[in-house]
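Please examine the sequence and the structure shown below.

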Amino acid sequence: MADLVLENLTIAYGDVTAVENISLSIPSGEFLTLLGPSGCGKSTTLFAIAGLNDATSGLIRVGDTELFNGQKTYQ
Ligand SMILES: Nc1ncnc2c1ncn2[C@@H]1O[C@H](COP(=O)(O)OP(=O)(O)OP(=O)(O)O)[C@@H](O)[C@H]1O
Ligand SMILES: [Mg+2]
């Protein structure tokens, strides 16, 4: 497995900003849990990492592979 990196990730549902500028780096082999009150964006973050919803801006990277980069348009 490779490192998972989120950089300044923002995810909006229309006018609702569910996740705002989250950045974290999880080294290969480590576990990380998201803990927070209901509605703080835990599921939204995990859905974006899994590719189940679209992020709005920022970066999701696994190793050298960019899964989402708001600065680029993938065809
Ligand atoms: N499909 C959606 N459309 C619009 N807003 C949404 C949608 N899903 C979640 N939201 C909103 O995004 C924000 C984050 O929700 P999310 O479900 O990611 O929180 P959560 O931390 O997983 O909460 P919980 O602990 O209750 O599971 C909340 O304000 C929620 O109302
Ligand atoms: Mg949830």
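Helices (H or I, at least four residues) and strands (E, at least two) are DSSP runs, numbered from the N terminus. This is a predicted model, in which local features need pLDDT of at least 70, side-chain atom pairs count only at pLDDT 80 or more, and totals for chains, interfaces and linings use all residues. Residues are numbered from 1 along each chain as its sequence is written, and chains are lettered from A and ligands numbered from 1 in the order in which they are written.

**Nonpolar core**
- The largest nonpolar core has eight residues, among them Leu-6, Ala-48 and Phe-68.
- Such a core is a set of buried Ala, Val, Leu, Ile, Met, Phe, Trp, Tyr and Cys residues joined through C-beta atoms within 7 Å; buried means that 20 or more other C-beta atoms, placed from the backbone, lie within 10 Å of a residue's own.
- Strand S1 (residues 4-13) gives the most to this core, with three residues.

**Strand pairing**
- Strands pair if DSSP finds at least two bridges between them.
- S1 and S3 (residues 57-62) run antiparallel and are joined by five bridges, with Val-5 opposite Arg-61 in S3.
- Four bridges pair S3 with S4 (residues 65-69), again in the antiparallel sense, and Arg-61 stands opposite Glu-66 in S4.

Key: Buried ≥ 20, exposed ≤ 12 C-beta atoms within 10 Å, placed from the backbone.
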